[in-house]
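Subject: Structure for you to look at, with notes

Dear colleague,

Please read them with the model open beside you.

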Amino acid sequence: MRLILMGPPGAGKGTQAKVVAEHIGVPAISTGDIFRANVSEGTDLGRKAQEYMDAGEYVPDEVTNLMVRNRIDERDAEPGFVLDGYPRTLAQVEELDSMIKFTGHELDAVVVLTVDREELVQRLLQRAETDGRSDDTEEVIRRRQEVYVDQTEPLIDVYRDRNLLIEVDGMGEVDQVTKRIFGALEGVHES
Ligand code: ADP
């Protein structure tokens with residue numbers, strides 16, 4: 001099964017991607033986590049990504065695309081994957097299409113988590129206190145939300161037009177949201 005989890009910063013993509021991926025037996029691939037791991041290990045990729053991440057901007061497509069391509073080529077992703085944080089631009093959508101086509105498979109569904117704007121800010125400020133992520137300051141959070149609206153929200157229409165979109169209410173407890181996602185995925189069959 002090949003799934004994308006989408007939603008604005010703070011929607012709970014990362015949390016849900018891990019649970020869903022485990023449930024269907026495929027890896028959860030989080031571009032944010034891979035970038036952060038590279039930043040803390042001080043790799044070339046980390047050095048390229050850090051300034052963008054700290055400003056709340058997207059890392060350039062060519063850097064992100066290559067990283068995802070390499071990750072999807074790994075053996076554990078052969079039966080599928082849950083993508084968290086990718087694609088985020090129209091150029092990344094095209095790139096992902098070509099990566100999946102190359103494997104002879106298709107994308108099965110795109111789950112979008114919807115959460116009130118006010119709740120999103122509260123969650124991110126809360127996370128700032130508990131996790132200490134360098135991009136969870138009020139100013140950078142605001143910038144990340146703008147970038148999401150400008151560059152990533154248009155992808156929702158693209159996937160809706162392809163009949164791949166599943167909108168799931170992301171408000172409430174983590175477990176409740178997980179149940180809603182599982183319920184929504186029952187109708188999805190691997191192509
Ligand atoms: P969030 O969605 O909560 O903002 P993530 O952990 O998913 O956080 O991503 C953190 C940062 O990593 C983003 O703000 C961006 O700089 C970078 N990033 C992650 N995924 C992508 C992507 N697909 N394209 C470009 N940049 C990305």
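Predicted model: local features only at pLDDT ≥ 70, side-chain atom pairs only at ≥ 80, totals over all residues.

Residues are numbered from 1 along each chain as its sequence is written, and side-chain values use heavy atoms, with hydrogens and water left out.

The ligand

The ligand sits in the largest pocket. A pocket here is an open set of points on a 1 Å grid over the protein atoms alone, where a 1.4 Å probe fits, with protein on both sides within 12 Å along at least five of seven lines; a molecule sits in it if more than half of its atoms lie within 2 Å of its grid points. There are 19 residues around the ligand, and Thr31, Arg36, Glu57, Gly85 and Arg88 come nearest, where a residue counts as near if one of its heavy atoms lies within 4 Å. Helix α2 gives the largest share of this shell, with four residues; helices (H or I, at least four residues) and strands (E, at least two) are DSSP runs, numbered from the N terminus.

Taken alone the ligand exposes 550 Å², and the protein buries 97% of that, with areas computed by the Shrake-Rupley method and a 1.4 Å probe.

Salt bridges

The structure holds 19 salt bridges, each being a side-chain nitrogen of Lys or Arg within 4 Å of a carboxyl oxygen of Asp or Glu. One of them joins the side chains of Lys18 and Asp33 at 3.9 Å, N to O. Because Lys18 lies in helix α1 (residues 13-24) and Asp33 in helix α2 (residues 31-41), this pair ties together parts that are 15 residues apart in sequence. Asp33 is partly exposed, with a relative accessible area of 34%; on this scale buried means under 20%, exposed over 50%, and partly exposed in between, with a 1.4 Å probe and protein chains only.

Another salt bridge joins Arg144 and Asp136 at 3.0 Å, N to O. Arg144 is buried at 10% relative accessible area, and Asp136 is likewise buried, at 3%. Both residues belong to a network of salt bridges that links Arg127, Arg133, Asp135, Asp136 and Arg144.

A further pair, Glu146 and Arg143, meets at 2.7 Å, N to O, and both residues lie in helix α7 (residues 138-152), three residues apart, about one turn of the helix. Glu146 is partly exposed at 40% relative accessibility, and Arg143 is partly exposed at 28%.

Single residues

The peptide bond from Tyr86 to Pro87 is cis, with omega near -5°, and Pro87 lies in the loop between β3 (81-84) and α5 (90-103). Asn163 has a positive phi of about 60° although it is not a glycine; Asn163 lies in the loop between α8 and β5 (165-169) and is exposed, with a relative accessible area of 71%.

In helix α8 (residues 154-161) you will find Asp157, which is partly exposed at 44% relative accessible area. A polar contact of 2.6 Å joins the side chains of Asp157 and Arg160; such a contact is a pair of N or O atoms within 3.5 Å, where within protein one must be able to donate a hydrogen and the other to accept it, and residues adjacent in sequence count only if both atoms are side-chain atoms.

Finally, Met53 is found in helix α3 (residues 44-55) and is buried at 15% relative accessibility.

With best wishes

Note on methods. 1 Å grid on protein atoms, 1.4 Å probe; cavity = no way out; pocket = protein on both sides within 12 Å on 5 of 7 lines; lining within 4 Å.
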